[in-house]
Amino acid sequence: MGAPARVIGLALLLGILALWQLASSFERPEFVQSPLEIAGHFVDALRSGELLPHVGASLVRSIPGFVIGSLIGVILGLLAGVARSLDQLLSPVVFLTYPVPKIVFLPIVMLWVGIGDMSKITVIALACFYPCFINAYYGARGTPTIMVWSGLNMGARRTQIFRKVVIPGALPFIFAGLRVSLALSFILLFSTEMINARSGLGFLIRQSESSLRFDLMYVAIVAVAGLGYASDQLLLFVRRRVLAWHEAASR
Amino acid sequence: MIRWPDAASAGRRMALLVLGALVWEAAARSGAFSPLVVPSIARIGRELWWLLVRPESLADAWFSLQRAIVGFTLAAAVGVALGVLMGRSSIAAACLGPIFSGTYPIPKIALFPVFIYLFGIGSLSKVVLIFLECLYPIVVTTHAGSRAVNRVLLWSAANMGASRARILWRVVVPAAAPFIFAGFRIALPIAMIVVIITEMISSADGLGYLAMYSLASFKTDRMLAVVVMIALIGVALDWLVTLLRDRLVFWEKLDSYYAE
């Protein structure tokens with residue numbers, strides 16, 4: 001994205017916020033709040049310590065879930081992409097269960113591992129597994145045969161080809177899968193917290209909504225948005241670093 | 001005549017499913033777990049049959065399906081229109097692009113309580129959230145697809161005297177169709193996720209509610225039957241979209257899961 005597009009985007013965002021602020025000066029129900037009010041509440045909540053513990057509780061659930069799920073997904077996806085027998089073993093199950101909304105497993109997981117953090121981490125890991133597996137699988141399968149042949153011809157061993165040819169070739173796909181998984185992990189994090197939790201941002205949103213503390217509800221929503229945006233930017237930053245060669249090649 | 005390698009690979013394809021079912025059934029029958037934690041497959045099957053013949057639970061399934069389909073269809077219509085517009089007009093791309101890429105990573109589910117206040121606790125708040133969550137992947141893929149249209153096709157259509165609207169409808173949309181369907185296939189499971197989540201959080205009907213209600217009344221077998229039902233609906237919807245895709249985009253075979 002070029003500099004002018006960024007300026008237009010920022011201007012548009014500010015315009016929307018200004019309109020919102022203007023519209024809030026009319027009479028309105030209590031659950032509609034103006035951007036300036038929300039900003040004020042945000043600072044208050046940071047000071048009073050009402051927000052940060054919940055952010056921490058959410059991260060403790062989402063980071064392990066995302067890391068475990070996507071790591072297993074990437075590894076199994078890559079292996080299934082290169083090994084025919086593993087492919088035949090895993091792929092039918094993965095592709096059959098892919099369209100199943102993973103959140104339906106929350107109740108049964110709750111029953112097995114309890115309603116604590118473990119059940120949330122398990123469901124998040126399960127959801128993050130699929131996009132990573134599918135992308136890594138197609139990334140590995142898409143390795144040009146020519147490259148494998150020339151690798152073999154130059155005397156590379158199978159493990160070397162896997163490390164030096166298959167993985168780099170699949171990396172753009174893997175990052176695409178990671179990005180989808182990251183977004184999914186947040187959806188599942190907040191919804192599992194809304195369904196049952198005693199802490200975390202999803203809980204905070206539900207709790208403040210049902211006790212009519214709309215100030216705190218909006219603070220939590222803004223925190224959720226910020227967390228989602230920041231983690232996506234972090235992933236894109238890592239991708240730019242790791243895939244410097246790829247970006248340069250496509251430019 | 002079944003050749004041995006075919007049989008072996010077919011066996012491997014089913015192996016994990018069969019093994020999983022066997023382990024489950026063994027665990028259920030061993031007596032080591034309470035039937036509350038691991039109910040046997042037979043019991044789940046009986047509950048599934050019970051769900052399928054009872055009008056109330058069919059109505060729940062219908063509510064969930066209706067919400068998912070209405071939200072998804074709205075998102076498909078608006079998303080394709082916006083995506084094509086952004087792909088073919090630099091002004092639209094400059095205005096809408098930053099909004100979409102900026103709000104894409106934000107989990108829209110956080111807005112659900114606000115939607116409940118705005119649109120009520122019934123279906124509307126859920127449909128709006130489904131619409132919003134499905135819109136993004138459809139816009140993004142349609143945008144990419146309509147940008148990648150072969151210029152020669154556009155030139156020749158213009159040369160033959162096609163109007164702008166006609167070019168959009170007859171050239172750009174068909175050319176972007178594989179991308180559009182890739183977006184649909186990403187969005188449809190999202191629609192199912194969101195409908196189940198919102199019904200679990202706040203609802204008095206729908207399959208998400210039924211799952212939570214069965215769990216709360218310690219009917220694990222029924223809850224698992226609901227899970228199976230949701231899974232079947234998810235698979236069926238995905239199958240329908242793929243079927244539609246193969247019919248409409250018959251010139252391009254789907255060999256990769258994401259048609260990119």
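**View 1. Chain B is built as α-α-α-α-α-α-α-α-α-α when its elements are followed from the N terminus.** In this predicted model, local features need pLDDT of at least 70 and side-chain atom pairs count only at pLDDT 80 or more, whereas totals for chains, interfaces and linings use all residues. Residues are numbered from 1 along each chain as its sequence is written, with chains lettered from A and ligands numbered from 1 in the order in which they are written. Chain B has 10 helices and 0 strands, these being DSSP runs numbered from the N terminus (helices H or I, at least four residues; strands E, at least two). Its C-alpha atoms fill a box of roughly 75 × 65 × 30 Å along the principal axes.

**View 2. The contact between the chains draws 41 residues from chain A and 43 residues from chain B.** Two residues are in contact if their C-beta atoms, placed from the backbone, lie within 7 Å. On the side of chain A that touches chain B, the helices that each supply at least two residues include α1 (3-23), α6 (117-141) and α8 (158-195).

**View 3. B:Leu215 lies in helix α9 (residues 207-216) of chain B.** B:Leu215 counts as buried because it has 20 C-beta neighbours inside 10 Å; the term buried requires 20 or more other C-beta atoms within 10 Å of the residue's own, with C-beta atoms placed from the backbone. Leaving aside residues up to four places away in sequence, B:Leu215 touches A:Pro107 and B:Met223. B:Leu36 is 179 residues from B:Leu215 in sequence, yet their C-alpha atoms are 9.7 Å apart in space.

Note on methods: A residue is buried if 20 or more other C-beta atoms lie within 10 Å of its own, exposed if 12 or fewer, and partly exposed in between; C-beta atoms are placed from the backbone.
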